[in-house]
Amino acid sequence: MESQLPEKSQNTELTEKEQEQKRFVKKGPFVIYDTETGIYWMTKDSWQDKGKFFNWHESRDYADTKNLRKIGGFDDWRLPSRDEAATLFDKEKKNVAKGGQTIHIDPIFPEGAFKTMWLTGDTSTRRPRLDMSENKVGMAEEYAFGAIRPCRKDKVGKESQQRRRQAKPKAITR
């Protein structure tokens, strides 16, 4: 006796979970766009990309190299600010970091990132880093090890606002 599979629902509205998953949109192999903030992020952090740690100065050089190579077609990659980096943290999200630790970023970002990322900031020889497992900013010696996930943001203007509107997910109605 054959059993029939239940018919697929014809409901074409996106569920709340599906809409939430569309907050981050891949823009090619190297870039993820945050539709809520308008921030573009590198898909991989420097640990995932190069397999080595970077101090704060090397992190800035890493971003500069991405600019020279025009990764994603952009040449304005940089270290994120505290506020920008904090937008990646979502306590409800879980992603496996280097060494099996848990960090709280969207799973659209590949597993294996380092748990701390360097941030912009100049306070003599101590530099800010965000711990993505706890959403805490700590100060570290500028030559301590860490990683960078470069970001960029469109310049304010009609063109960038229009692009952001086009990238936002829309609920499908019947």
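Contact here means heavy atoms within 4.5 Å of each other. Leaving aside neighbours within four places in sequence, Met 132 is in contact with Ala 85, Leu 88, Phe 89, Ile 103, His 104, Ile 105, Lys 115 and Met 117. The structure is a predicted model, in which local features need pLDDT of at least 70, side-chain atom pairs count only at pLDDT 80 or more, and totals for chains, interfaces and linings use all residues. Residues are numbered from 1 along each chain as its sequence is written, and side-chain values use heavy atoms, with hydrogens and water left out.

The overall make-up comes next. The protein chain holds 5 helices and 9 strands; helices (H or I, at least four residues) and strands (E, at least two) are DSSP runs, numbered from the N terminus. Along the sequence, these elements follow the pattern α-β-β-β-α-α-α-β-β-β-β-β-β-α. Of the 174 residues of the protein chain, 39% count as buried, where buried means under 20% relative accessible area, exposed over 50%, and partly exposed in between (1.4 Å probe, protein chains only). Among contacts between residues at least 6 apart in sequence, 57% join residues at least 24 apart.

The structure holds 1 cavity of 30 Å³ or more. On a 1 Å grid over the protein atoms alone, a cavity is a set of points where a 1.4 Å probe fits but cannot get out, and lining residues have an atom within 4 Å of a point. The largest cavity has a volume of about 60 Å³, with grid points joined across faces, edges and corners and the volume taken as the space filled by probe spheres set on the points. Among the residues lining this cavity are Asp 45, Ile 103, Ile 105, Met 117, Met 132 and Arg 149.

An open sheet of 3 strands has the order E6-E7-E8, with antiparallel pairing; two strands pair if DSSP finds at least two bridges between them. Strand E6 (116-118) and strand E8 (136-141) stand at the edges with a single partner strand each, so one side of each is left without a neighbour in the sheet. Neighbouring strands of this sheet are turned by 40° against each other on average, direction ignored, with axes being lines fitted to C-alpha atoms and angles running from 0 to 180 degrees between N-to-C directions. E6 is joined to strand E7 (residues 126-131) by 3 bridges, and Met 117 stands opposite Leu 130 in E7. Between E7 and E8 there are 6 bridges, and Arg 129 has Gly 138 in E8 as its bridge partner.

E7 and E8 form a hairpin with 4 residues between them. Asn 135, in the loop between these strands, has a positive phi of about 60° although it is not a glycine. At 32% relative accessibility, Asn 135 counts as partly exposed. Lys 70 likewise has a positive phi, of about 50°, without being a glycine. Lys 70 is found in the loop between helix H3 (56-68) and helix H4 (82-86), and counts as partly exposed at 46% relative accessibility.

The other open sheet has 4 strands in the order E1-E2-E3-E9, with antiparallel pairing. Its edge strands are strand E1 (24-26) and strand E9 (151-153), each pairing on one side only. Neighbouring strands here are turned by 25° against each other on average, direction ignored. Strand E3 (residues 39-42) runs antiparallel to E9 and is joined to it by 3 bridges; Trp 41 has Cys 151 in E9 as its bridge partner.

The loop between E8 and E9 contains Ala 144, which is partly exposed, with a relative accessible area of 22%. Leaving aside neighbours within four places in sequence, Ala 144 is in contact with Phe 54, Asn 55, Trp 56, Trp 118 and Arg 129. Ala 144 and Trp 56 are 88 residues apart in sequence and 7.5 Å apart in space, C-alpha to C-alpha.

Definitions and conventions: 1 Å grid on protein atoms, 1.4 Å probe; cavity = no way out; pocket = protein on both sides within 12 Å on 5 of 7 lines; lining within 4 Å.
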